[in-house]
Amino acid sequence: MTFTFVSNYMNHHQQPFCDAMHEALGDGFTFVATMPMEKERRDMGWDESLSDLPYVRRLYEDPSAEQLIHDSDVVLLGWSEREDIAQKRLNSGKVTLRVSERIYRTGRHKAISPRGLIAKYMEHVRYRKKPVYLLCAGAYVASDFQLIRAYPGKMLKWGYFPPFEEMDEDAIDARMDAPHPVRIVWAGRFIPLKHPEYMIRLARTLKDEGADFEIHMIGDGEMLEGLKREAESDLSKYVKFHGSLRPGEVRKIMNECHIHVMTSNQLEGWGAVINEGMNAGCIEIASNLCGATPFLVSDNENGLTYDHEICEEMEQVVLRAFRNPRGYAHLAKHAYATIRDEWNANVAAKRLIEMAEALLAGETPEFPESGPLSPAPVIQPLAEPAVYNFSAHYRF
């Protein structure tokens, strides 16, 4: 089987899955990068040299890679900004899969735009009865595509699969048994949608309670300097700003912390730091607005969640774990097990290859009950206006 994954560029979130595919298929697997990595990503520590991996071909330097996309037995289409190539493949009738984050994360009212509807029909809806499946990289993706009636019965759970690190579960227990100071970690870009300011407010709440704690803030962005100044007055003892770090350095800090907090709103299509915090054996506390949360975190089973873009709600959930980290240690171990046993690149690659083999044989694939490639439920976004009546705008 020849399997080609088409996306914008290779990055450290894509690499583990691609490595697993290459290990299984050898030269039968190719990743086609359609553009060079942006400077912003390189400045964040993302490694552009990943484009030199042996299974990567760069379409922007090697136009002949387009023929490979057409000829491959199976193609997985990601975010490439080359819809012209995607459409040629989809119209070929060959086995083709699409992976997508939300298409209406900034507002589902856009789904009634006539121009937008025409575009979505051409890109997705006209293939609704074809053997084309959608891999939903986020819990609210299926809801967006249901609005336009695309991929009925063919939407499956997917996501990002950062590198998995083996952990000693006894070490997780030992970390939780030594909770002073309680170490909390937040990682991401310092931009409004990720709400880094919530962590400064949390620090002030904990300080006012006389708590023994540290908050580690990792990343860079437009809000960083302002939050640094805010913390200098009375929180410098408690809040440490690490700046941008390479992925391995981020994981090292997570491995030493008790709690990982993810505060992004609905504009966060996935949120791979949730995978990383769970893999590190942290007590995971995540906003349900993030695309990854409903897929990865089961409240009170392997983490804690909150529903709204309200700092006080996040604080109340954090305080529950903060006041009794030993009592929530089982959540940390279950979080680690979720990544180890199911939500990792090796499991995703194995399941995708089995699905592709079934489709090539003309069979209907058997899908797992949970995890990658299980059926994606239609979950209504939590931060959306009223649902519109789309039937007046769409006819089939």
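Asp-341 and Arg-340 form a salt bridge, with the closest N and O atoms 2.6 Å apart. A salt bridge here is a side-chain nitrogen of Lys or Arg within 4 Å of a carboxyl oxygen of Asp or Glu. This is a predicted model, in which local features need pLDDT of at least 70, side-chain atom pairs count only at pLDDT 80 or more, and totals for chains, interfaces and linings use all residues. Residues are numbered from 1 along each chain as its sequence is written, and side-chain values use heavy atoms, with hydrogens and water left out. The structure holds 20 salt bridges.

**Salt bridges**

- Asp-341 is partly exposed, with a relative accessible area of 48%, and Arg-340 is partly exposed at 29%. Buried means under 20% relative accessible area, exposed means over 50%, and partly exposed lies in between (1.4 Å probe, protein chains only).
- Another salt bridge joins the side chains of Asp-173 and Lys-333, at 3.2 Å from N to O. This pair links distant parts of the chain: Asp-173 is in helix α7 (residues 169-177) and Lys-333 is in helix α14, 160 residues apart. Helices (H or I, at least four residues) and strands (E, at least two) are DSSP runs, numbered from the N terminus.
- Asp-173 is partly exposed, with a relative accessibility of 24%, and Lys-333 is also partly exposed, at 24%.
- The side chains of Arg-58 and Glu-61 meet in a salt bridge of 2.9 Å, N to O. Arg-58 is partly exposed at 22% relative accessible area, while Glu-61 is exposed at 54%.
- Arg-58 and Glu-61 belong to a network of salt bridges that also includes Asp-52.

**The six-stranded sheet**

- Six strands make an open sheet in the order β10-β9-β8-β11-β12-β13, with parallel pairing. Two strands pair if DSSP finds at least two bridges between them.
- At the edges are β10 (239-243) and β13 (304-306), each of which pairs on one side only. From one strand to the next, the twist averages 20°.
- Strand β9 (residues 213-218) pairs with β10 in the parallel sense over four bridges. Met-217 stands opposite Phe-241 in β10.
- Helix α13 (residues 311-323) lies across β8 (182-187), β9, β11 (259-262), β12 (283-287) and β13. The helix α13 runs at about 165° to β13. For such angles, axes are lines fitted to C-alpha atoms, for helices over the stretch in contact, and the angles run from 0 to 180 degrees between N-to-C directions.

**Helix α11**

- Helix α11 (residues 272-279) is mostly covered, with eight of its eight residues buried. Among them are Ala-272, Val-273, Glu-276 and Met-278.
- The cover over the buried residues of α11 includes strands β8, β11 and β12, together with helices α10 (247-254), α12 (293-296) and α14 (329-341). Contact means heavy atoms within 4.5 Å.
- After α11 comes Gly-281, whose phi is positive, near 75°.

**A nonpolar surface patch**

- Ile-118, Tyr-121 and Met-122 form a nonpolar patch on the surface, with about 290 Å² of accessible area together. Accessible areas come from the Shrake-Rupley method with a 1.4 Å probe, and for residues only the protein chains shown count as cover.
- Patches are made of residues with over 30% relative accessible area and no salt bridge; like charges are joined within 9 Å, and nonpolar side chains (Val, Leu, Ile, Met, Phe, Trp, Tyr) within 5 Å.
- Ile-118 lies in helix α5 (residues 114-123). Ile-118 is exposed, with a relative accessible area of 57%.

**Two single residues**

- Ile-103 is in the loop between β5 (95-100) and α5, and is partly exposed at 24% relative accessible area.
- Not counting residues up to four places away in sequence, Ile-103 touches Lys-120, Asp-144, Phe-145 and Ile-148. Ile-103 and Ser-143 are 40 residues apart in sequence and 9.8 Å apart in space, C-alpha to C-alpha.
- Pro-294 is in helix α12 and is partly exposed, at 27% relative accessibility.
- Pro-294 touches Ala-139, Tyr-140, Asn-288 and Ile-379, leaving aside residues up to four places away in sequence. Pro-294 and Val-32 are 262 residues apart along the chain, and their C-alpha atoms are separated by 30 Å.
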